[in-house]
Structures are given as structure tokens and as C-alpha cells.
Amino acid sequence: MSTEQTELNASNRVAPPLAGAEPLLAIQDLKVHFDLAGRGNRVVKAVDGVTIDIYPGETLGLVGESGCGKSTLGRAILRLTEPTSGQVLYRNRDLAHLSRREMREHRRHLQIIFQDPYASLNPRMSVGQIVGEPLETFKLARGREADERVQELLETVGLSKRFIKRYPHEFSGGQRQRIGIARALAVDPDFIVADEPISALDVSIQAQIMNLLEKLQREKHLTYLFISHDLRAIRHVSDRVAVMYLGKLVEVADAKTIYADPLMPYTKALISAVPVPDPKVEATRQRIVLEGDVPSPINPPQGCRFHTRCPYVIEACKQVVPPLVEIKANHFAACIRISPHQPDIEKVAPGQAPGLAAAEEAIA
Amino acid sequence: MNTNGTLLEVKDLRTYFNTEDGEVKAVDGISFQLKRGETLGIVGESGSGKSVTNLSLIRLIPNPPGRIVSGEVLFDGVDILALKEDDVRKIRGRRIAMIFQDPMTSLNPFMKISRQLMEITQLHLGHTRHQAYDHAIKMLETVGIPDASTRANNYPHEFSGGMRQRVMIAMALSCEPELLIADEPTTALDVTIQAQILELIKTLKQATGSSVILITHDLGVVAGMTDHLLVMYAGKIFEQASTAELFAFPGNPYTRGLLHSVPDPLAEQGELYQIPGLPPDVAHLPPGCPFAPRCQRAEEICKREFPPFVQLTADHHSLCHFAGEVYEESKAEARP
């Protein structure tokens, strides 16, 4: 066990939820940097070295605050934003280095649902055209067959086939999100990036869309990257959760564990900040209120990027970039103040950094 | 000052809008009270009338297309709806202040923060420029803006979303209002910043003794912040109770559905309860109960007759033909 664990640590890989399963997507050291025009060599490091595997049939929740790079990561996987470096392995091909034409072929298997159902549907196209367009693009069906397929897709997402000739403005937010889902499903994908799919919707409609996505996952064996800032939604839909802060993953674990037992101080604060819909719980729980704002991703802080807001910061945190280390079985965290032998930051002596050696090794 | 401690009493308020679709009864006959020092939460989905209620209280309904058709808004015993516009202006911003969802659109982008704060106390408290400036800096410090005297010279775009909301709170509290109305104050903010802002509102409320009306769609936010709750749907109050009572024993099927459809991070996963159907089209409400088309326990009477506002306990009311039964079910469920 211990040798196996060291190996994992050394390669800095996030272990499978099911031993032996092959990942559907293997993301390796992915970076997306944006050069800012104008003065100086200013670079926004939106995604800065993300390594994670996504397994068939799972929902990986990706959570973080605005500007942390979570949407850019989702878009970079699909090459909707060009990665600066790194790999995205899918069916033994590196998506990050395919030609545009090859990538277009692969998009059939990799789809996306957007946050704003108002902005992501062409207002001049009917529902039938919107959902049917991918069938035409990928030459999957035409004529009567395509029409039947569109009707079937609308029913799958809970819309009446009578809507086929209507236009987006005639629908509510929740219905438009269903249209977006039908369009993504048209090409029978393996993998869907759901980028804040419920954030613009009313509470009662959010539940409907989450249930729909879960039903479709069961029926069609879909794999999701579910991106959201809403920790309650993430907890509900995800099998595993990855927490992102200023371009880097800082903690990865299964959804239940990350809520019950967060290890890294940022995750602890994030989870304690979520209001619980229960006045009895709210009256008694301790909330970690972080000081200050998220720093700018232009020239982010040196060392651990969270050190400017961290209540547990020590000098070494300002120098050393903490790697994502398997602190407990299948539970990864990036913090030099904890280690597999000392997972509880509260119990670490002041000024101590039990994870420092591993961090320095990883850098070396 | 009123002797019974009631700061605000709203009686049968109705605000309608003329639209291409016909007359929309955005707020349709709502009544409630707010005591001094208390926090009242108003919860509802889009189109429920919660924000129109808020704007009606301070007479900020654009006319046309909107108009307050009837009702009384007794603020410290005086009916705001019967006052002259000049007299309303003396109350608005001074005795009743507001914070809105989007601080960027509520601040003037061409004015330095200091001037925006100074305007308020110069107008309402008759401060000189000098007094107003000192007061502005003090308020910015109170709401936790670091290095306030430098930051006061910045423009709104130089602040982050959380900092702008702090500026809005500083402006709102400048004249120590008796009532603060916060309409979705944290909806546009990240969760760690939301925690900061809610904590700040709580602390300042305790320090000043102001009453607060907190309008939100987030049941988690009201759970920790409010004493009483109104649940609105289709322009009506569907349920009204103390926060603890309403969460523990909801007496309305809509409230029950809403509470069940929020994922609880502390509970096990599983299929989420979902309220079927779509939020109501307020321009075309069905006869009978507006929630009936989405209600799983609706019976014939619900589609035919408008439901009564049933009193369940001294301060717990529910708009439902079956309020008593729903309330008993909630109690039975809570008694495992």
C-alpha cells in the first residue's frame, strides 16, 4: 500500500475511483495562458498545469469562484479555447494537438451545454433546426429520418414534439436549457461539459434540470464534467469533485468526502461558506470567513496561490508551490502544511509543514 | 415612535402593470408586518412579485406601465402611499435605505466613491462638504474597505464585486436608516464573498438596531439571516411564519416542494424532489389556485376556487385549501 501510494504521489496522478478502470479522458499538465496586449509581458494564467483523469460514466464536479479558470478548463478540453501546452488524451489521441479538421470529427463525441440558455441558441432558428443542425453537420441523418430523430430528442429531454417549429424566444429559461441539452445529445456523445447549466434558472427548475442530466447519464452512459460555483448542486450531482483556485486544482476527492472532510484550507472555507437551508444548523455552525478577494490571475501570488487569504499561512507557503498529493486514499490536496501522516491541519504544530519534503521532491 | 414596536405594516398592497399581454397583477393583495430590529425574509422565484413588493414599499414603481392600485404601507404609522413625492424623498435613503443585486448598475460610474457617499449625507443630514467627507471615510471603514481614505478617491470600476457591494452598504447605512431593504444582495457574488457580506449585514444590523427586509431566491441565505419569512408565488403570499417554524413545519405544498428541491449538502444523494411544470405566467393565471397546475396534491376544488389564507398557529398562515393537512403531514414527517 505504502509503495503504491508513493508511486502515485511521485507521478502526481489522480487515482481512479474504481481500481483498474481506464480513464475516458486523461488531462496532463494542461495550461491555458492569455497574453495581454499592451504594456509589459503580462500573462493571464487562467489554467496553469491541471492534471486529472475523468472516468467513463462518472460526473466530475469542477467547482471554484469566478476567475478561477474552471470554464476555461472545460473549454480547453474541447478546444473551444486553444490550450497553451499539455495534453488531453481521449481514445489514445491527444485532442490538444489534433488538426482543426480532426478535432471537428472528435467534437461529435465531446459536447458542451452552456450557462446562458438565452445567448447560446440562435434566435433565428426554429427548435427543429437547432436540434437538427448537428445531425446534418456530421451527416448522421437527413430528411424524414432527421425529423424523427429530432422529435425523439425533444421527448427525451421532456419537451413536446409540437415545439419543433417554434423559436427560442417562445420558451422559458428551463425549456431553453432543455433545447441546449437536446442539441448536445443529437450526436450521441460520450462526454459532455456542462458549464454552469443551472446557474441562470429558478430553484424549482434547477432541480428539474439536475434530475434530467442524471437520468440521461444513466440511460446513455454519459460522462460529465459539471462546472459550477454552486457547491450544493455540485455535491448533489457529482461522483468526484475537483476544487480549483486561480488556475490550479487544490483538492480532489469523492463528493461525500470532500464535504464531510475537506483537507485543504481553501476547500474548508468554501464549504463552510455555503448556506445550509436549515435554521437550526445555521444557528450553530462555525463559518470560516475568508479575508479579502481572490487575487488577480495576472501575476498570481508566488508559492501557494491561496497564501494571501489563508488563515494557516506560514513563510514557506509564500515560496513553495504545493503539488496535489494523495493525503488519504483517493483524496488529493495541495497544501504543504499537511501530509499523509498529518492530514489534519488543525493538529499540525504552529509553523510546521509536514508536506514540505514531498513538495520539494516534486519540484526537483 | 410606535409603542407596539411595529415599524412597518403593509395592508392589502396591489401593484399592477399594463403590458402587451394585458394587465399583470405582479403584487396582488399582500399584507405583513415588520417589528423594529427584526429581519424579514421574502422568498420566491422569478415573477413571484418579491422585487415589485420591495419597490412598491418605497414608491419606485415606474408609472407607466406600473401603478399601485390599492393598499397602505404604514411606516412608523405614516402611509407612504398617501405622501407627496417630496415627502417620500425625505424618507427614501434617509429612514429607509436599499441595496440591490448588482452594485455596478446602482453606482454612478463617473463619480468618485467619496462623492457618491457625500451626496447622501449632504442632502439628508445637511452635512457640510467637510463633515460629509469625514463621514464617508468612516462609513467605508465600518464596512471593511481597507485603506479607506485612499480608496474613497477611486471610481466604481476600480472595485471588485464584493467591494462594490460593501460600498453600496456603506451608502445605504450612511444616515442610519430604520429599515434596510436588501434585494438579492449576494446573488451576483462568489460564495466566500457572500459569506463576508452576509456577516457584515448581520453585524451592522446588531450595532444599529435597524430592521431588515431580505429578498432572495436562496433558502440557505434566509435560513441563517431572518426571523420571519414570507413565501411568494404569482404575486401572492403563499405562506408566512417564523423562519424556524416555516422550515420545520411548512404548511403549503409550494413551500414544501421548494424546501425539498434544494440539495442539502449534509444529506445523502439520490433523486432530487422536483416541482413539475414551469413558473406561472402572471399575465394568464388559471382560475383557482395559481399553483394548482404544478401541485401534486391538487384536487378539483383547487382548480375551481381561489384558496383561503388559513391560520395554522398564532403567526403561521398558508394559502391553501388543504393547509391544515399539509401542516399535519409536515409535523408527522418531522417526528421520526
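User: How many helices and strands does chain A have?
Analyst: This is a predicted model, so local features need pLDDT of at least 70 and side-chain atom pairs count only at pLDDT 80 or more, while totals for chains, interfaces and linings use all residues. Residues are numbered from 1 along each chain as its sequence is written, and chains are lettered from A and ligands numbered from 1 in the order in which they are written. Helices (H or I, at least four residues) and strands (E, at least two) are DSSP runs, numbered from the N terminus. Chain A has 12 helices and 12 strands.

User: What is the radius of gyration of chain A?
Analyst: The radius of gyration is taken over C-alpha atoms, and the globule rule is 2.2 Å times the number of residues to the power 0.38. For 364 residues that rule gives 21 Å, and chain A comes close to it, so chain A is as compact as a globular protein of that length. Its radius of gyration is 22 Å.

User: Which residues of H5(A) are buried?
Analyst: A residue is buried if 20 or more other C-beta atoms lie within 10 Å of its own, exposed if 12 or fewer, and partly exposed in between; C-beta atoms are placed from the backbone. In H5(A), the buried residues are A:Val150, A:Leu153 and A:Leu154.

User: How many residues of chain A are in contact with chain B?
Analyst: Two residues are in contact if their C-beta atoms, placed from the backbone, lie within 7 Å. On chain B, 40 residues take part. On chain A, the number is 32.

User: Which element gives the largest share of the side of chain A that touches chain B?
Analyst: Elements that give two or more residues to this side include helix H8 (231–237) and helix H10 (265–273) of chain A. The largest share is six residues, and it comes from H7(A).

User: Is B:Glu9 buried, exposed or partly exposed?
Analyst: B:Glu9 lies in strand S1 (residues 6–19) of chain B. It has 18 C-beta neighbours inside 10 Å, so B:Glu9 counts as partly exposed.
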